[in-house]
Amino acid sequence: MAEVSAMAKASRLEVLTTRPGSRGAVLDAMLSEAGCEVECLKLMALEALPLEPAARQAIIDVDLYRGVIVISPQAAGYLADWLEEWWPQLPEGVSFYAVGAATAEVLHSRLGVPVRVPPRATRGEHAERDAPVGTTSEALLSLPSLRALAGQRWLLVAGEGGRPLLEETLVARGAQVTRLALYRRLPLALSPQQAGRLAAGAYDAMVVTSNELLETVMASVTPQALHQPLIVSSHRLATLAHAHGFERVTVAEDASPGALTQAVLRACAPIIKTRHAVTGATAPGPREAIDSQESGKGQA
């Protein structure tokens, strides 16, 4: 029995992940359920920012905004904390928007508000490669209600730093935008063991979901790692990965745990087939990896 168990373990995919916090924990759990050996590289921590006077005023004046756009589940959680403190009953007439389903779920569950999200569709063979579909700022900006914003006040809730695209586009469309940063990302040093494993390419696949995480990973990457499968959450991130020299980049349908897990299994299909031919073990099925979160709830 011990020999069979060892053979089964040897046939499992060894996957490195990089997503921090609770969102990363969901992804890691789904990959484990799909039969992968998962190790999360601790590259970054998230820390709440104190509410400065201008930020506090934005919370107090939330009823003066036409809409609130929230970038991430972390931003949604911190925003809900402050709104619950300052607004026991939310004002009417304020529309909430989220870049992804996970962020929308936090807003809806915490505040009970309807939330608009980017359109989702299956890319046809004739669709443009960068068509605005899925969990991206570009997709959110394609919504008709965000096209003509002259004279409207909008609140953009995010972390410190990040892409300026949303704010710049909203302003270009006539909106008066207040950016509210509620948390920041703190870089962490890898342990010697993790840095060595990354440098040696001693894994079957790695998942990266942001430009910042990819840039941090590059500090420990060697040519061996550049040969290993890299799974990313957007074509924009894939372009950056190719520019850094990664040779085997797979783009997930979106940034949800289910989509990323499917992409890992797809990218590693040749490895899975070879190992199961040798060990006789049963390959994990992609349905097993995504059934629990196919609706998008709890995405990270």
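Strand β1 (residues 14–17) is joined to strand β10 (residues 205–208) by 3 bridges in the parallel sense; strands are DSSP runs of E of at least two residues, and helices are runs of H or I of at least four residues, numbered from the N terminus. Two strands count as paired if DSSP finds at least two bridges between them. This is a predicted model, in which local features need pLDDT of at least 70 and side-chain atom pairs count only at pLDDT 80 or more, while totals for chains, interfaces and linings use all residues. Residues are numbered from 1 along each chain as its sequence is written, and side-chain values use heavy atoms, with hydrogens and water left out.

**Sheet**
- Thr17 has Val207 as its bridge partner in β10.
- The open sheet consists of 5 strands in the order β2-β1-β10-β11-β12, with parallel pairing.
- At its edges lie β2 (37–40) and β12 (249–251), each of which pairs on one side only.
- On average, neighbouring strands of this sheet are turned by 25 degrees against each other, direction ignored.

**Helix packing**
- Helix α11 packs on the sheet and touches β10, β11 and β12 (contact: heavy atoms within 4.5 Å).
- The direction of α11 makes about 175 degrees with that of β12; axes are lines fitted to C-alpha atoms, for helices over the stretch in contact, and angles run from 0 to 180 degrees between N-to-C directions.

**Ser233**
- Ser233 lies in the loop between β11 (230–232) and α11 (235–243).
- Ser233 counts as buried because its relative accessibility is 12% (buried: under 20% relative accessible area, 1.4 Å probe, protein chains only).
- Residues touched by Ser233, not counting those up to four places away in sequence, include Val208, Thr209, Val251 and Asp254.

Notes: Buried < 20%, exposed > 50% of the residue type's maximum accessible area, 1.4 Å probe, protein only.
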